[in-house]
Amino acid sequence: MPHYFDQETTTASDEQSFDVALVDVAFSITTDRGVFSHGHLDNGTSLLLKEGPALPAAGTFLDLGCGAGPIAIAMALRSPQATVWAVDVNERARSLTAANAKRNHAPNIRVAAPDEALAADVQFDEIWSNPPIRIGKAPLHDLLTTWIARLVPNGRMVLVVQKHLGADSLQSWLNQQGVHADRIASRSGFRLLRVVHNERATTSSP
């Protein structure tokens with residue numbers, strides 16, 4: 001069965017579009033089958049976009065597992081002086097993100113496969129992600145470890161994870177890796193986790 005985290009999508013195309021209206025920015029997203037959150041903005045990404053911390057005005061940002069690009073586009077529109085990398089293993093997702101970036105006048109987005117971004121040896125001030133929890137615990141840990149290492153000192157990763165899919169255990173694991181992970185929001189069964197590179201956890205979340 002095809003998954004949205006497969007590199008190539010063989011599922012028949014069925015493009016659907018929707019609008020995203022946030023307090024500060026609004027944009028339109030075209031999605032397709034075989035890409036995460038077909039035809040709608042999923043609840044986790046909505047929480048991240050509405051309650052995520054304020055972004056710096058400039059810097060180098062990453063949308064990890066970009067899907068059709070709603071996180072990357074929101075970041076790019078909120079911080080037009082920043083460079084926003086949109087990374088996904090799924091070729092169809094990357095194509096959609098590139099088209100959505102053009103449609104929403106976000107020229108500061110760079111779409112890339114993970115190996116292309118890693119080869120560029122770029123470091124990030126901000127990484128936002130609705131990570132692919134269903135790839136399994138070990139691959140997920142490898143994924144997060146790889147990209148946390150690309151944060152600048154005291155750079156920040158913000159993750160949205162469903163509680164019943166292990167958000168609290170993931171937070172505990174992150175704190176064991178020598179980074180500080182705290183919970184900054186909890187709504188509708190989702191946790192919003194903030195991870196700060198090179199800062200050890202000293203307090204536990206409520």
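Strand E3 (residues 60-64) and strand E6 pair in the parallel sense over four bridges. Two strands count as paired here if DSSP finds at least two bridges between them. Helices (H or I, at least four residues) and strands (E, at least two) are DSSP runs, numbered from the N terminus. Leu64 stands opposite Ser129 in E6.

Before going on, a word on what you're looking at: this is a predicted model, in which local features need pLDDT of at least 70 and side-chain atom pairs count only at pLDDT 80 or more, while totals for chains, interfaces and linings use all residues. Residues are numbered from 1 along each chain as its sequence is written, and side-chain values use heavy atoms, with hydrogens and water left out.

**The sheet**

E6 has another partner too: five bridges join E6 (residues 124-129) to E7 (residues 151-162), and these two run parallel. Glu126 stands opposite Arg156 in E7, and the bridge partner of Ile127 in E7 is Met157. To get from E6 to E7, the chain passes through helix H5 (residues 137-148), and this β-α-β crossover is right-handed. Right-handed means that, with the strands pointing away from you, the path from the first strand over the helix to the second runs clockwise.

Now zoom out. The open sheet has seven strands in the order E5-E4-E3-E6-E7-E9-E8, with mixed pairing. E6, meanwhile, has five of its six residues buried, so it is largely enclosed by the rest of the structure. Buried means under 20% relative accessible area, exposed means over 50%, and partly exposed lies in between (1.4 Å probe, protein chains only).

**Helices on the sheet**

Helix H1 (residues 43-51) packs on the sheet and touches E6, E7, E8 and E9 (190-196). Contact means heavy atoms within 4.5 Å. Helix H3 (residues 91-103) lies across E4 (83-87) and E5. Here are the directions of both helices; axes are lines fitted to C-alpha atoms, for helices over the stretch in contact, and angles run from 0 to 180 degrees between N-to-C directions.

| H1 | E9 | about 50° |

**Two buried residues**

Asn104 sits in the loop between H3 and E5. Is Asn104 buried or exposed? At 12% relative accessibility, Asn104 counts as buried. Leaving aside neighbours within four places in sequence, Asn104 is in contact with Phe27, Ser28, Ile73 and Leu77.

Leu174 belongs to helix H6 (residues 167-176), and at 0% relative accessibility Leu174 counts as buried as well. Not counting residues up to four places away in sequence, Leu174 touches Ile148, Leu159, Val179, Ala181 and Val195. Leu174 and Thr145 are 29 residues apart in sequence and 8.9 Å apart in space, C-alpha to C-alpha.

**The whole chain**

The chain has six helices and nine strands. Its C-alpha trace spans about 45 × 40 × 35 Å along the principal axes. Of the 206 residues, 50% are buried. Among contacts with a separation of 6 or more, 66% come from residues 24 or more positions apart.
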